Amino acid sequence: MVALFFLLPAIITGLLSLTDMNYTFNWNFIGFENFREIFYEDPIAKTTLINTIIYVFFTLLFFNFGLGLLLAITTTHMEEKAGRFFRLIWMLPRLTPSVVYALLWLWILDPTEAGILNSILKHFGLPTYNWINMFPKTVVIIANGFIGASFGMVIFTASILSLPRDMIVAARVDGASELKVITKIILPNIKWHLLFVSAYQMLSLLTSYEYILLITDGGPFYKSEVWALYTYHTAFGDWEFGYAAALSVILSIAGFIAALLYLRTVNIRALLKKPKIEGI
Amino acid sequence: MRKGVIGLALIACLTLAGITIAGTAFAKEVKLTIWAIGPDNPSFWRAKAFNVAIERLNKLLKATGSDTKVVGNVSFETVSWGDYRTRALLAFKSGKGPDIYTTGHEDIGMLADAGYIIPLDKYVEKYKWCFDSFFPSLWNSVRLKGKIYGIPQDTEARMIYIRKDILKKMGWSEEKIRKFIEDGWKGEVTLEDILKIGAEAKKKGLVKWGFYHRPTPGVDYFQIYLAYGGRMWNPDTGKLVLNEKAALKTLRFFYDAVNTYKITPSGMTSVSWKSIHKAVVNGDVLFWLGGSWNWAEWQRDYNASEDYLFENIAFIPVPPGRKGDKPVTISHPVVYMVSSTCKNPDLAVALIGMALAPDLNAKHAVTSGHLAISYEQLSLPEYKKAKFLSMVTPLLKFTHFAPNHPKFNTYNKEGWYKAIQMVEVNGAKPEEALSFLKSILKRKLKGALTIEP
């Protein structure tokens, strides 16, 4: 199964990246020409690389990790029913079909006065804007982040709720402030979950483009074009399948290296080691 | 009378075809899959005509004594051209493509190059009774290396729509407006005039914007390039052409519209179609670089009566860059093609011929705002009654076609569209955008491009 669904597609993509396959679907091998072009001649590749770094970093920092953690902490610090209710609300974007979710954003940010945001501004006598055109990167970061935050929220919530309550209660009895409880007890105890979510979400953001495609389509003028979307556009807009395969090989290698670095930084071996108590 | 002659001619041809079909396939039912696209809703006759044509063809087949019956699987898409093309390419490659495929004529280069469609010369000759009344110039749009790869289904013209009521509010007399429109048709109005009048209307607070153009990639932009003396390809070499001088003027036009005169929003390429049409119909914009099909769209989807449109909106061909030069329009015939996997191309072309019968095509033209493809169609009462279409037809004397080049989509979408976005969105100078355009086209098109100074 692994060979069929993971290894074989990877080998095919690797081989495809060495061809100039286009709409004719012919396997014409050209060596590493596609890679040479990407590294030395393609200015759009450079732009999309920078966009990707900005997009992944800020979405991860502020939403998938940051907002996810904030939501988990706040909703576990309130009454259980209320916490559940707020978590459910934050799950709604993830439960909404992608196209509907994107259309909602397009409606909210419509540049005319029919757009929700602009109609509110107009109501208060404020100037209206073409939001997508002016802030395309911010728009895709927020739109993706509102969905991505729920993943971290669920994992972090589960991990916080699984912590022994007596530890937290004891700290409070000893006079620890809520901030101390969070920084000295909760965060150190959910370190593994924090690292897992940031690593997993980073890799997932690297390859995600669905909402960007639907909301800005990478525009205007490549301002929100990320590497994965550029790959998609090259394959299914220009029908340059060989070149697109080379772009995706580079993305896969980058993801692989990032994952290795992550595992090394977080010292995965130590984390996966049997708890010392079990060895006694 | 003419219908009867065509019918008899088809019976004769189909008798022979029917023998071939029966003899080779031993099948009584011949299944033909037909894909058609709008994408605008009013163009549904591109598909519906086949349902009627299949009925008619089956009656004829029965009359010839053939036991062959055509069964059609007709679909009509309203997805974007890009999605439709991608789906078709993958279907063709996997051998599951349609027998008859409807698309813009400019895809001929790519589809023929990949071997997905077949030349139709011998079939067109065989069923010439169906096609001999077609306007000869339309066949130029479907030829590649001397061969016919598609059959024109319709054509249209592009123009600059003008809100007459806004001009009146600007203090223009009826006479001045009439003269302006007349001059527009003579090439006495220039692109610079459009920018200046648009700016005046905006300055007076009569419109939100002076000039709108389409938001998505399309052939419309090339009208400005042609108006400044550019050409898209060289028919002698078969290569795509970038004329630097004309390209620079074109990019400057879009730059000025957004940055100098401020009559086009910098985010024009992200404004939705719906907002654009609403703005034109409501008189929020003075000039709209649109197409003849918009007329039907506005009536059908934007609640504008034809009387209201005639009262408030007029049109002229796209003005030249220099006074006195010929105005411009680009026609983009949608064509029917027969795929290389079609087992009965003979019957497929006969069916196309019947779907393009003047009465059916006139219905398409009238409901969708497209133009007649044959002289015979012009004489039909239904078409004659359509005042707007008869007003638009003279635009065809200024017409140009996009080249049937395999790389035209790249030339258009990755090059020109992005360069225009660059001056509009980024506020890049026209010179910078030209430099980008040159470098991207050189890299993407390699030997398929000629750059003219």
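## Nonpolar cores

The largest nonpolar core holds 99 residues, of which B:F131, B:I151, B:Y161, B:W298, B:L351 and B:F388 touch the most other members. A nonpolar core here is a set of buried Ala, Val, Leu, Ile, Met, Phe, Trp, Tyr and Cys residues joined through side-chain atoms within 4.5 Å; buried means under 20% relative accessible area, exposed over 50%, and partly exposed in between (1.4 Å probe, protein chains only). Beyond its neighbours within four places in sequence, B:F131 is in contact (heavy atoms within 4.5 Å) with B:V124, B:W139, B:I151, B:V349, B:G353 and B:L356. Another core, of 96 residues, lies apart from it and includes A:I44, A:L205, B:A201 and B:V423. In soluble globular proteins, nonpolar side chains tend to be buried together.

The model is predicted: local features need pLDDT of at least 70 and side-chain atom pairs count only at pLDDT 80 or more, while totals for chains, interfaces and linings use all residues. Residues are numbered from 1 along each chain as its sequence is written, chains are lettered from A and ligands numbered from 1 in the order in which they are written, and side-chain values use heavy atoms, with hydrogens and water left out.

## Interface of chains A and B

In this interface, 31 residues of chain B are in contact with 25 residues of chain A. The buried area (accessible area, 1.4 Å probe, that two parts lose on being put together, summed over both) is about 2500 Å², with 54% from carbon and sulfur atoms.

The rule finds five salt bridges across the interface, a salt bridge being a side-chain nitrogen of Lys or Arg within 4 Å of a carboxyl oxygen of Asp or Glu. The side chains of B:K444 and A:D238 form a salt bridge at 2.7 Å, N to O. On the side of chain B that touches chain A, the elements giving two or more residues are α3 (81-93), α4 (108-113), α21 (408-425) and α22 (430-445) of chain B. Helices (H or I, at least four residues) and strands (E, at least two) are DSSP runs, numbered from the N terminus. The largest share, seven residues, comes from α21(B).

## Helix α12 of chain B

Buried residues of α12 (residues 244-260) of chain B include B:A246, B:L251, B:F254 and B:D256. Among the elements covering the buried residues of α12(B) are α10 (191-203), β10 (239-243), α21 and α22 of chain B. Just after α12(B), B:K262 takes a positive phi of about 55°.

## B:N234

B:N234 belongs to strand β9 (residues 233-234) of chain B and is buried, with a relative accessible area of 13%. Not counting residues up to four places away in sequence, B:N234 touches B:K239 and B:V241.
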